[in-house]
Amino acid sequence: MFRIYTFIVAFTNSIFFKVSCSSSEFSLDGDYLLGGLFPVHEAEHAAPLFTPEAIECSRQTFSDPGYQMFQVMRFAVEEINNSSTLLPNVSLGYEVFDHCSDTKNFPSVFSFISQNGSINPQEKLNSHQTKVIALTGPYGNTRTITIAPLITMDLIPLVNYGATSYTLSNKLQYPSFIRTIPSNKDLIQMIIHIIRWFRWNWVAFLGDPDSEEGLQLFNNYIKNTGICLAYQEILSQSANYSLTLQKIDKLNINVIVVFAARQYAKNIIKAAITNNIRDKVWIASETWSMNQQLLKEPGIEKIGTIIGITERFLSLPGFNEFIYKTKETTEVYPNDNTESEIHTKTCNQECDNCSLVTAEEIINEDPTFSISIYAAIYTIAHALHKVLHCNMNQCNKNTTVKPYMLLEEIKNLDFTLNNHQVKYDVNGDRIISYAVVVWHTEINSPWIEMVGTYDTYPEINFTIHNSLMPWHNNTSVPFSNCSVECEEGFSREHVGYHDCCFLCKKCPQNSYVNYSRDPYTCLLCAENEWSDGSATCQTRSVIYLKVTEIPSIVLLFSNVCLITLLIIMIVIFAYNYNTPVVRSAGGNMSFLMLVCMIISCLSAFFFFGEPTIENCTYRNAFYCLFNPVCLSCLFVRAFQIVCVFKMNEFPNVHRLWVKYNGQWVFVTAFCVFLLFFLVILINLGPPKPYRDLLSFKNQIFFTCARANVIFVIIAGFVNMFPGALCILFSYMARDLPKNYNEAKSITFSIVFLIVVWILYFTVYFFINSKDILFVNALAQMSSTYGILFSYFIPKSYIMLFQPKKNTAAYFQTSIQNYTQTISRS
């Protein structure tokens with residue numbers, strides 16, 4: 001390997017180092033020499049060589065942007081040499097080569113790493129002094145990766161301005177590589193930020209042979225971002241650009257990332273114009289985002305909106321004046337070859353077209369790489385300032401400067417350049433402030449405007465001013481999604497290969513979809529939460545019949561009034577205990593009825609407040625036990641009247657009834673049966689609090705567990721059985737004497753009670769809310785009110801306001817009249 005390497009070096013020295021060139025711009029004497037590699041010419045279709053020959057760049061296509069880059073380096077060196085503070089009493093020189101090919105420009109590199117025209121690979125760093133102390137360039141990833149191993153072998157700082165490959169950030173492979181341009185990693189991340197900012201997810205990626213790494217990074221970084229790469233292609237110069245764009249258009253992709261060098265980007269944009277591709281969004285990489293020639297391409301305003309990324313600060317104060325001065329000197333002394341005669345130069349330092357380029361053409365050229373080249377030269381100068389221990393007046397020229405010394409200083413640099421910070425991270429990548437730019441092409445004088453920023457230091461900060469975006473035809477943000485985003489409460493259902501393509505499915509009630517967690521699954525809410533198929537669950541409110549509600553207060557007040565009236569009835573009946581009206585109302589049994597009615601009224605108080613086991617037990621127990629007892633007393637009273645007046649043909653029945661106190665036997669037996677039935681019912685289905693989670697979507701109905709429907713029907717039948725008997729015997733006694741005839745009042749009481757409970761059960765089986773509790777309490781209270789006003793109030797009225805009717809004589813007269821009427825009939 002050593003012999004082969006020595007042969008190549010000797011061969012290139014013998015053939016190329018002795019050729020004279022005419023241009024004096026490529027070199028400058030100085031105390032310390034810098035190297036520069038710039039694409040003054042571009043070898044677009046270099047023919048393969050079968051002999052060890054170097055390519056002659058001067059025969060290739062002249063590159064205006066490459067020549068402008070070259071002039072930026074010359075401007076920076078001159079500015080540094082004119083500075084009295086950066087490198088006082090020290091001058092920088094340079095040796096620049098035209099680097100036009102990816103693989104056939106080695107003579108220039110061998111020149112840089114040589115010492116007095118020779119190379120000794122085995123010589124130690126401390127004893128080896130290369131021709132240059134540092135160099136900048138070349139432009140492009142492949143060109144840089146091709147020559148970087150030779151440069152880094154001697155730890156010569158390769159401060160690059162035009163290679164974005166993230167591979168070059170690997171310090172184990174490229175220990176002396178420093179970069180003043182964004183890496184592919186940063187550029188791809190910024191492009192993804194732009195795509196996500198506008199919520200696009202259906203994009204295409206077009207690159208050149210030098211951007212395969214960028215495509216790989218793009219595919220890696222869009223994982224778990226919701227972005228789908230619908231189309232990707234690496235294009236060569238001979239590719240069918242029209243066919244590629246037609247494929248993209250058929251896929252309804254409206255956002256196209258063009259991550260390619262200027263010549264490839266130019267081919268893509270021209271093909272879009274030719275094929276009438278309209279209303280797309282083109283995201284330009286930094287290589288062509290500021291391309292002034294493409295900006296003015298006829299028809300470019302039809303293809304859509306072009307968004308680019310570049311450095312935020314591109315202007316170089318004093319550069320325009322430098323170019324004008326340089327061109328004036330060239331025009332005055334066009335044939336001055338004094339300097340070129342003094343220096344011996346190698347090939348690829350010839351430029352026949354350089355003198356033909358005007359100052360305006362250079363100034364108006366794409367400035368994308370200007371600040372990177374400018375920063376690269378100043379980086380080397382600041383490192384040299386540290387190595388030479390310079391102060392404000394002078395530098396220590398006695399210090400022997402080795403390239404690796406500069407490299408150590410560059411790693412720790414942190415200086416200000418035109419009011420902007422220059423600093424490098426651990427990978428040798430410069431920390432850069434980026435800008436998002438947009439092309440204004442629909443006017444006579446097209447121009448580029450900055451609409452957003454992207455900073456990575458000290459933390460990531462990205463923003464775009466949406467109001468500045470000139471969307472095509474002044475419409476809203478273009479749509480570039482495979483599927484329309486699902487509305488809130490809809491989950492996704494995969495369709496096809498890409499995650500971005502889906503159908504929307506409504507989530508059922510009490511479930512939700514969390515798009516950040518899993519947009520494809522409807523998750524169930526907790527028991528105490530509810531959702532109508534949305535993005536979140538809400539806490540369900542617990543409802544029950546509260547004491548503080550106005551309807552509750554009114555009903556409780558009415559119930560208190562009812563109990564008060566019943567107590568008053570007891571007092572009135574007790575005061576008139578021995579009168580005929582009290583005896584006709586049942587005598588002692590009327591007091592039992594009133595007490596039962598009072599106790600049954602207590603049930604209403606347990607319908608209010610938070611349900612407990614006690615509440616659930618007592619709210620119906622009092623009423624279901626004592627109200628039927630009251631009804632059985634009414635039945636007994638109706639039966640007794642019928643026995644007296646209608647059942648003379650059955651004297652034994654009436655005699656036994658009177659002898660054994662049949663009324664009390666019946667009431668007592670019925671009470672025992674009723675109590676036994678209620679105990680069984682409570683044991684079979686113990687009343688307990690119950691949280692109803694199904695009846696209401698946004699509420700939890702806190703109530704008592706509903707009893708079995710069969711039990712409810714049986715309980716209703718048991719309660720209504722004495723009421724039915726009351727109606728039967730009241731009908732039989734409809735024509736009895738008025739003073740003894742309780743048929744009408746009893747009938748009205750029972751009919752009213754039946755209607756009330758029919759209405760209640762109708763509501764009970766069709767409505768399930770806290771209102772049913774209110775209706776239940778109201779039904780209990782209403783039935784008691786019915787008995788009170790139809791049976792007891794009329795008798796109290798007679799006792800209080802018609803005492804003459806409350807006499808034995810009055811009742812005897814009524815009986816005699818009834819007897820006479822019966823005898824006549």
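This is a predicted model. Start with an open sheet of eight strands, ordered S10-S9-S11-S12-S13-S16-S17-S18, in which the pairing is mixed. Strands S10 (228–234) and S18 (461–464) stand at the edges. Each has a single partner strand, so one side of each is left without a neighbour in the sheet. On average, neighbouring strands are turned by 25° against each other, direction ignored.

Now look inside the sheet. Strand S11 (residues 255–259) pairs with strand S12 (residues 280–284) in the parallel sense, over four bridges. Val-257 stands opposite Ile-283 of S12.

Turn next to the cysteines. A disulfide is a covalent bond between the sulfur atoms of two cysteines. The model has nine disulfides, counting cysteine sulfur pairs within 2.5 Å.

The link is right-handed, with 100° about the S-S bond. Both Cys-228 and Cys-500 are buried.

A second disulfide joins Cys-57 to Cys-100, again with S to S 2.1 Å. Its torsion about the S-S bond is about -80°, so this disulfide is left-handed. Cys-57 sits in the loop between strand S3 (41–42) and strand S4 (61–62). Cys-100 sits in the loop between strand S5 (92–98) and helix H3 (106–113). The pair therefore ties together parts that are 43 residues apart in sequence. Cys-57 and Cys-100 are both buried.

Cys-351 and Cys-354 form another disulfide, with their sulfur atoms 1.7 Å apart. The torsion here is about 95°, so the disulfide is right-handed. Cys-351 is buried at a relative accessible area of 10%. Cys-354 is buried too, at 3%.

The cut-off for buried is under 20%.

Val-560, Leu-602 and Phe-605 make a nonpolar patch of about 220 Å². Phe-605 is found in the loop between helix H17 (588–601) and helix H18 (613–646). Its relative accessible area is 32%, so Phe-605 is partly exposed.

How values were computed: Residues numbered from 1 in each chain as written. Predicted model: local features only at pLDDT ≥ 70, side-chain atom pairs only at ≥ 80, totals over all residues. Heavy atoms only, no water. Pairing = 2+ DSSP bridges. Helix = DSSP H or I, 4+ residues; strand = E, 2+ residues; numbered from the N terminus. Axes fitted to C-alpha atoms, helices over the stretch in contact; angles between N-to-C directions. Patch = residues over 30% accessible without salt bridge, like charges linked within 9 Å, V, L, I, M, F, W, Y side chains within 5 Å. Areas by Shrake-Rupley, 256 points an atom, 1.4 Å probe, with all protein chains shown as cover. Salt bridge = Lys/Arg side-chain N within 4 Å of Asp/Glu carboxyl O. Buried < 20%, exposed > 50% of the residue type's maximum accessible area, 1.4 Å probe, protein only.
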